[in-house]
Amino acid sequence: MKISHIATLFLLGLVVVSIWSCRDKVFKTYMANVPIYLSFEDWRALDVDLVQERDLEFPGKIYIKDNLLFINDLYSGIHVYDNANPASPINLGFLDIPGNSDMSIRNNILFADSYYDLLSIDITDINNPVIVDRVEDAFEFNNAQAVPGLDDDFPIAEWNADKGVVIGWEITEVTTEAYPNYYYPQLFDGSLGMDFAENVVADPSITTVGIGGSMARFTVYQDHLYTLQASLLTTYDVSQESNVSNTSEIAINMVGETLFPSQGNLFVGTQWGMMIYSLSNPGSPTWLSTYDHIVSCDPVVVNGDLAYVTLSTGRRCWQALNQLEVIDISDLTNPTLLREFEMTNPQGLGVDENTLFLCDRGAGLRVFDITDPLILDENQIALFEDIDTYDCIPYNDVLIMVGADGVFQYGYSDVSNITLLSSITIQ
Amino acid sequence: MLALFACVEGLAQSVNTNPSQDKNRVDVVVLNDGSIVHGKLVEYIVGSHLIIINLEGERREFMGDQVAQVNSKAPMIINPKSEGFINTTDVGILMTSQPWQGAQGTFSFHSVNSWQFEKLGIVGLGTGVEFINSTMNIPVYADVKIPLTKGNVVPYFGAFGGHTFSTHSQEEPLYDIWYSYAPRTYKGGVMWGAQFGLMNYSKKRFGMTFSIGYQRHNMSTYYEEGFWNGIEWKTHEIQEEIKMHRVRIALGIVFR
């Protein structure tokens, strides 16, 4: 065989092998929700201003402080109302805080999250709020799909956290190499995003703290702020508002959902049960006990030696029961189930003395006399079927409720005859 | 591409169709008029003409109908006409080591009607049947072949480009990557490639062909895919484009 033959065959083989190793590639092109980014630098350079009032779109957490009513609009900011007269709340404006989903207030400092950061905002003059401190990267933000603006008719394109914070969405054509990665929006109906700090006015020493709802993930106790994100309970010393410092991080090994401080203890509602921490050392909560239950969405409120826990099914808690549980916490190290009551789809709840308000979605607002909590089902004072709400705050004979349609205030001086005082509806 | 060209050049040089390089050979040509010429054949195209250098060193040329018999150890130079219609039809296999949901080797049938220009090469239009991506497709393409030598065995380098049409109709179900029913609309797509091969003429108008080359397809389909938007199931349209690389090896016939 001639050398030219050998060379020819060698080169031929080389060409064939080169082509042989090429891999078929598949590309998919489709219209999708594409995130709109704001760079980290631009986002952190933003000031918080009280801008002109705007329409309520996605009501989230509510908070009451003095005569002010704060309503979170998911991932965009906080509406501020003068609520001195609940029958006629006055819209003062909107605190523009991109990425905000939670809040708590101590003295005149509003603690609010903004995507990854924890902001301390001085609201002494509500018309001129000032950021006095920022704890960067206090939170993980992996919930871009919860940022409002998604078009339900399209899937979500890939989100790149390195590009910045997501401030909105636009419909654009995208091309991806197979296999496509769809991020489906977790379109919270508000109940999951609702964070009402518990009623904490029982302790006069904390009257400088506002009032929230039963699904709070932020709460303040004395000089400390507690935040709950997924499985991490973080404690901040906020005694110096301009120098907020992290004092404790606790992995709770469960998916945490709600916080409720009461009588020097912190009650953490998780999807697998209720955990009780002692705040004898507020800077470092100490675990006392865990009350286990079936996997469920789980807000909790405490009234005296009893804890009221609602278990419900939903998008995030697709397996579970729908019921209200009454738990004896007289021995904090050994919480014990006393009674459970079947409900339709119980969400948030609030207690004012011997009256329990339960947001039972699908049924309405239930009002119980809990003088004898073990037979509360026999003492249902009222059922308001036309009220669709997922959390509420009872305070001074005014029941502030939040639902998919907005924020509603009802007078309950006569609990059997709750009357609508005012409404702030979404537009 | 340089490697491909080098392969063809090497192959071309290995094919010796010039009988005059055999220095010791004496060929004998018997003409119809009874005369006999001794010498060395330079070129003999059966039915066309014969060129011989006689023992005196003279170049003699005779028309094909003057030649009665040729006694020569030189291979008959069929060497088809350098211009005219030419058709190549072959059957081959499209191969890959990493197919997208398809077989690693699939059937391919091509037929190219061309015109051979003496100086430009062979230019034509081709069509055929191919099985790609689990569907039957019809390619339509422009084809160019550049013969590298003249003679019985003609290596060539070729290139082609066109469009592949799918024969699958809309609504025909095909399991997608999620193994769910997904009615698709098959649009076919562009195709192009290059090849080198050999045409081996055993007759004046007929021969065999062998080729090996690269073929690229961009095939498009459209279908509806479901997704969960957190509240309910929705569907949206997807355009799927598959960029396929194939090695094509084919064997066929050439006639003119």
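How many bridges pair strand β11 of chain B with strand β12 of chain B, and in which sense do they run? The pairing is antiparallel and covers 15 bridges, with β11 spanning residues 184-201 and β12 spanning residues 206-228. One spot to look at is N200(B), which sits opposite M208(B) in β12(B). Keep in mind that this is a predicted model.

On we go to the next partner. β12(B) also pairs with strand β13 (residues 233-255) of chain B, again antiparallel, and here there are 23 bridges. G213(B) has R248(B) as its bridge partner in β13(B). The two strands make a hairpin, with 4 residues between β12(B) and β13(B). In that turn, G230(B) has a positive phi of about 95 degrees.

Chain B also has an open sheet made of 5 strands, in the order β4-β3-β2-β1-β5, with antiparallel pairing. β4 (59-63) and β5 (67-71) of chain B are at the edges with a single partner strand each, so one side of each has no neighbour in the sheet. Going by the average, neighbouring strands here are turned by 45 degrees against each other, direction ignored. Inside this sheet, β2 (residues 36-45) and β3 (residues 49-54) of chain B pair over 6 bridges, and Y44(B) faces L50(B) across that pairing, the latter being in β3(B).

**Over to chain A**

Chain A comes to 2 helices and 31 strands. Of its 427 residues, 45% are buried. Take the contacts in chain A between residues at least 6 apart in sequence: 50% of them join residues at least 24 apart.

One piece of chain A is an open sheet of 4 strands, ordered β12-β13-β14-β15 and paired antiparallel. H224(A) stands opposite D237(A), which belongs to β14(A).

Here are the strand pairs side by side.

| Strand pair | Sense | Bridges |
|---|---|---|
| β2(B) and β3(B) | antiparallel | 6 bridges |
| β11(B) and β12(B) | antiparallel | 15 bridges |
| β12(B) and β13(B) | antiparallel | 23 bridges |

Terms used:
Residues are numbered from 1 along each chain as its sequence is written. Chains are lettered from A and ligands numbered from 1 in the order in which they are written. This is a predicted model: local features need pLDDT of at least 70, side-chain atom pairs count only at pLDDT 80 or more; totals for chains, interfaces and linings use all residues. A residue is buried if 20 or more other C-beta atoms lie within 10 Å of its own, exposed if 12 or fewer, and partly exposed in between; C-beta atoms are placed from the backbone. Two residues are in contact if their C-beta atoms, placed from the backbone, lie within 7 Å. Two strands pair if DSSP finds at least two bridges between them. Axes are lines fitted to C-alpha atoms, for helices over the stretch in contact, and angles run from 0 to 180 degrees between N-to-C directions.
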